[in-house]
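Please look over the sequence and the structure shown below before reading on. The report that follows takes up charged side chains and a stretch of surface.

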Amino acid sequence: MMLRHGILNARLAGALARLGHTHQIVITDAGLPLPYGIPGCTIVDLTLVAGIPRFEQVLDAVLDAVVVEWAEAAVESQSLPAHEWITARLDSVSLISHEQLKARLPETQLVVRTGESTPYANVILHCGVAF
């Protein structure tokens, strides 16, 4: 059946549907090194060209699809648009260093790469439950 709305990318929609409470989703800019070869980690690379799709677009689509308990973003992003995008959409955002964020990639269940070319446009979303 063809979906009418929501996430239409089959790989991303399927990966989101398999997540559960406490699982992690990392939404990244185009420059973050991806954890290829890590068992249990699905990577969905949505990059088309520089800037497409934007981090903000992908974040909004994912947040419409899943329950997020809390999030982590790089402290280095505080004065950049990415921080505004993240904090405008999420109630609970903890700050960690960019190096800590990269070190957490192997622990995540899903990494979604965007075409974003703004520095530090990365966030770790911690899945919650709808009840």
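## Terms and model

A residue is called buried when its relative accessible area is under 20%, exposed when that value is over 50%, and partly exposed in between. By this scale arginine 89, at 28% relative accessibility, counts as partly exposed. The structure is a predicted model, and the descriptions below should be read with that in mind.

## Salt bridges across the chain

Side chains of opposite charge can pair when their charged atoms come close. A search of the whole structure finds six salt bridges, and several of them are described here in turn.

One of these pairs joins aspartate 45 and arginine 113, whose side chains meet in a salt bridge at 2.8 Å from N to O. This pair links distant parts of the chain, since aspartate 45 belongs to strand 2 (residues 42-45) and arginine 113 to strand 5 (residues 110-113), and the two are 68 residues apart. Aspartate 45 itself is partly exposed, its relative accessible area being 36%.

## A pair between two helices

Glutamate 56 and arginine 89 form a salt bridge in which the closest N and O atoms are 2.6 Å apart. Because glutamate 56 lies in helix 2 (residues 55-65) and arginine 89 in helix 3 (residues 81-89), the pair ties together parts that are 33 residues apart in sequence. Is glutamate 56 buried or exposed? With a relative accessibility of 19%, glutamate 56 counts as buried, because the cut-off for that class is under 20%, whereas arginine 89, at 28%, counts as partly exposed.

## A pair between a loop and a strand

Arginine 104 forms a salt bridge with glutamate 72, and here the closest N and O atoms are 2.4 Å apart. Arginine 104 lies in the loop between helix 4 (98-103) and strand 5, while glutamate 72 lies in strand 3 (residues 68-74), so this pair ties together parts that are 32 residues apart in sequence.

## A nonpolar surface patch

Turning from charged to nonpolar side chains, Leu48, Val49 and Ile52 make a nonpolar surface patch of about 290 Å². Valine 49 is found in the loop between strand 2 and helix 2, and valine 49 is partly exposed, with a relative accessible area of 43%.

Definitions and conventions
Residues are numbered from 1 along each chain as its sequence is written. This is a predicted model: local features need pLDDT of at least 70, side-chain atom pairs count only at pLDDT 80 or more; totals for chains, interfaces and linings use all residues. Side-chain values use heavy atoms; hydrogens and water are left out. A salt bridge is a side-chain nitrogen of Lys or Arg within 4 Å of a carboxyl oxygen of Asp or Glu. Helices (H or I, at least four residues) and strands (E, at least two) are DSSP runs, numbered from the N terminus. Buried means under 20% relative accessible area, exposed over 50%, partly exposed in between (1.4 Å probe, protein chains only). Patches are made of residues with over 30% relative accessible area and no salt bridge: like charges are joined within 9 Å, nonpolar side chains (Val, Leu, Ile, Met, Phe, Trp, Tyr) within 5 Å. Accessible areas come from the Shrake-Rupley method with a 1.4 Å probe; for residues, only the protein chains shown count as cover.
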